[in-house]
Amino acid sequence: MTIRPTSTLTLVFGVMIISACATNNPAPSPAENLLTRDPVATSFRPQGQASLERLAQDDVQRICSEYEGREIPADLVAMISAESASSVVFPADGNYFGDWRAGKLIAETGTGLQSNDDPSKPNGGNCYACHQMAPDEIAYGTIGLPLVNYGKLRGTSEAILKYTWTRLWNSHAYNACSHMPRFGANGVLTEQQLKDVMAFLFDVESPVNKEVVSP
Amino acid sequence: MASPMRIRATMMNGATEVKVLMSHPMETGQRKDSSGALVPVHHIKDVVAKHNDKVVLQAEWGAAVSQNPFLQFKFSGGAAGDTVSVTWNDNKGETRTDQVTLR
Amino acid sequence: MSLDRRHFLSVSASMIGALVAGVALPFRLLAQQARPEAGFAATDLASAYAALGGNPEPSNDIVFTSPEIAENGAVVPVSVVSNIAGTTKISILVEKNPNPLTAVFYIAEGTEPSIQTRVKVAQTCNLYAVVEANGKLFSASRETKVTLGGCGG
Amino acid sequence: MMISRFVLAILLVCGQSALAHAEEDIFAEYRAMFGDDSPAILVEMDGEALWSTAAGEKAVSLETCDLGLGPGVVDGAYAQLPRYFQDADKVMDLETRLLWCMETIQGLDTIDLRDQPFSEQGTPQTALEQLSAFIASRSKGLPISVPQSHPKEVEAFESGKRLFNFRAGPHDFSCATCHGQEGKRIRLQSLLKLNSPEGARESFSTWPAYRISQGSVRTIEWRMADCARQQRLPGLIFGSDFAIDLITYLGVQANGEAMNAPGLKR
């Protein structure tokens, strides 16, 4: 897992936040000025694999917390997108595809990195928590866009493969402050696991690309 | 020590409707606890419901009856002052009887 | 005591003798004698049926209700109402559970052949209500889908 | 004319979304089959007995505990928590208040309870869970009115509002990730928008709740701790500011709604 330490980027972001606050946001309310305590610092204890380090926000987390539910200033969007896109690591061997069966399991698995999870077991991707995928799986979430027939509808051009890999690796490259975890950038899934998920999305044999049968 | 049941008995049109909630873990023997150890099978095996001294319902249960079991049934008769009692016995030899008085 | 006759028939002769003689036996003893252990131990529907006395005949006179889709398989409410005269026994089976036979209810005279309870359903499958009346077995079935709710963690 | 057409259009849109919502709740039949027979009642009964049972060094019951409406007043108390307590100089929710009473009135050693406030699946419910179920049930039907009169109560609300958006951990999750939008679901589980009065009302009024999947009554502090776990955060400390602030934020938004706890949840 990589929580990026505060870097020179923070300085840049910091200045931008200050200027953004000055121009786009109302001054803090008197009530907000009352805040004297720091609940984050005092309210947690290390548990299992979840150490207190996880509470330290990186730049993306800090900015996205600040602007949750509000419009993010264009310059911050540009900054987050550029930074996120430039950090994507594409498969070293140029091959984007693993085993769709393994990818299906990753999409269905919701465990991994929780304080009570066994760190020796591979993390899940839990794609189904938020996305519709195989047309015959009814237990899908709706926080993310439907991905039914993902490969069938989009083909397998180099452009779409790179786009999809980037989405999985760090979704903020295309959608700053996306609610989707940065599966690659934050080390939630390994390169091989990402390839398996890619196969689940694109393989013609994958249930994702099976005919949609209307009930 | 088993916790009390909650028995509700309602007289309606010459009959008595009984709703029972029992406090019991109903372990199947297949569940693992947080340390990964199998939790031993522990479930109610039989239930007997009586209206005064008369048995009105008897049941034999496996471990797939849900935890904190619920049971609803209806028998004819029942008058204010009568009792409705329910007894369960589980596979560990624990037992519990509770009763309510109709009114 | 006006408990189901059939239930008592499975009790050993000496005990029936004791009953006739008016000797008060603890009820539990009778219940344990009557428990269809082979039925509860059966690991598939066919052998559970065999233990209950054979294959039931599907009947529209049993109103069997279970939810079409359950939010959690650990607790699935079921309701059985038998409109078959002479109903003495109602059993509930869950086809794909490790042991399909879940519960057997003995309906005493004067008790309505109507039961509500809640059962565990390990995976999407058919649930069966089997009714015994006048020595014959009847059944009704319902499919209940069991799904994954929540975050999966 | 223009205006009435506009209103009509809004009505149509709203009507449709309400319909879509009803159709989406595919578990409605399932939940309806439980009627009013929630196993939570078993835990309420245990809690009621515990409330009047003498315990601790001082061998007295909790019956003189002040839950905010005066010593010993249980009816309606839960609908007005969390609130500021002068004696502790803190905003407390029901659960931290109960521990306070156990310590100060009963002289009870609560170290173990603080460490393990919630029962493990398959083990008996803790005193805290039993008492919470009982006390919450005694606010049934009463309007939620979480106070905002003391500056510390206002502070807790404002802090909770901010913490709701706090993104952290390897998955970048905040409360808002799942509970910041209308009409979404995880798998088949409908999600409430908890930074809106509608969602907060539905949620806050039904905790504590009997959790079907665990066969236990779970409290609102448990819900906060379990959200933190699913957010991949470290362990949320029982009675911590983070927990109380978020609970206050939910409660204040829910003001006016009738309490209906313990609820029944998946």
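Which residues line the second largest cavity? In this predicted model, local features were considered at pLDDT of at least 70 and side-chain atom pairs only at pLDDT 80 or more, whereas totals for chains, interfaces and linings use all residues. Residues are numbered from 1 along each chain as its sequence is written, chains are lettered from A and ligands numbered from 1 in the order in which they are written, and side-chain values rest on heavy atoms, with hydrogens and water left out.

The lining of the second largest cavity is formed by Leu52(C), Lys89(C), Ile90(C), Ser91(C), Val130(C), Val131(C), Glu132(C) and Leu137(C). A cavity is here a set of points, on a 1 Å grid over the protein atoms alone, where a 1.4 Å probe fits but cannot get out, and its lining residues have an atom within 4 Å of a point. Its volume, the space filled by probe spheres set on points joined across faces, edges and corners, is about 30 Å³. Strand 5 (87–94) and strand 8 (125–133) of chain C each contribute at least two residues to this lining; strands (E, at least two residues) and helices (H or I, at least four) are DSSP runs numbered from the N terminus. By class, the lining comprises five nonpolar, one polar and two charged residues, where Ala, Val, Leu, Ile, Met, Phe, Trp, Tyr, Cys and Pro count as nonpolar, Asp, Glu, Lys and Arg as charged, and the others, Gly among them, as polar.

Two cavities of 30 Å³ or more were found. The largest cavity has a volume of about 70 Å³, and its lining residues include Tyr78(D), Asp93(D), Glu95(D), Ser132(D), Phe204(D) and Ile247(D). That lining divides into eight nonpolar, one polar and two charged residues.

Between chain A and chain D, 52 residues of chain A are in contact (heavy atoms within 4.5 Å) with 44 residues of chain D. The buried area, defined as the accessible area (1.4 Å probe) lost by two parts on being put together and summed over both, is about 4,200 Å², of which carbon and sulfur atoms give 53%. Arg37(A), Phe44(A) and Ile143(A) supply 16% of the area that chain A buries against chain D, more than any other three residues.

Three salt bridges cross the interface of chain A and chain D, each being a side-chain nitrogen of Lys or Arg within 4 Å of a carboxyl oxygen of Asp or Glu. A salt bridge joins the side chains of Arg167(D) and Glu68(A), at 3.8 Å from N to O. On the side of chain A that touches chain D, the elements giving two or more residues include helix 4 (59–66), helix 6 (100–108) and strand 1 (44–45) of chain A. By class, this side has 23 nonpolar, 21 polar and eight charged residues.

Over all chains, the count of salt bridges comes to 30. The side chains of Glu211(A) and Lys152(A) form a salt bridge at 3.7 Å, N to O. This pair links distant parts of the chain, 59 residues apart, with Glu211(A) in the segment after helix 10 (191–202) and Lys152(A) in helix 8 (residues 150–154) of chain A.

Chain B contains zero helices and seven strands, and its C-alpha trace spans about 50 × 20 × 20 Å along its principal axes. Lys92(B) is placed in the loop between strand 6 (83–90) and strand 7 (95–101) of chain B. Leaving aside neighbours within four places in sequence, Lys92(B) is in contact with Val41(B) and His42(B). The C-alpha atoms of Lys92(B) and Gly14(B), 78 residues apart along the chain, are separated by 38 Å.

Methods:
On a 1 Å grid over the protein atoms alone, a cavity is a set of points where a 1.4 Å probe fits but cannot get out, and a pocket is an open set with protein on both sides within 12 Å along at least five of seven lines; lining residues have an atom within 4 Å of a point.
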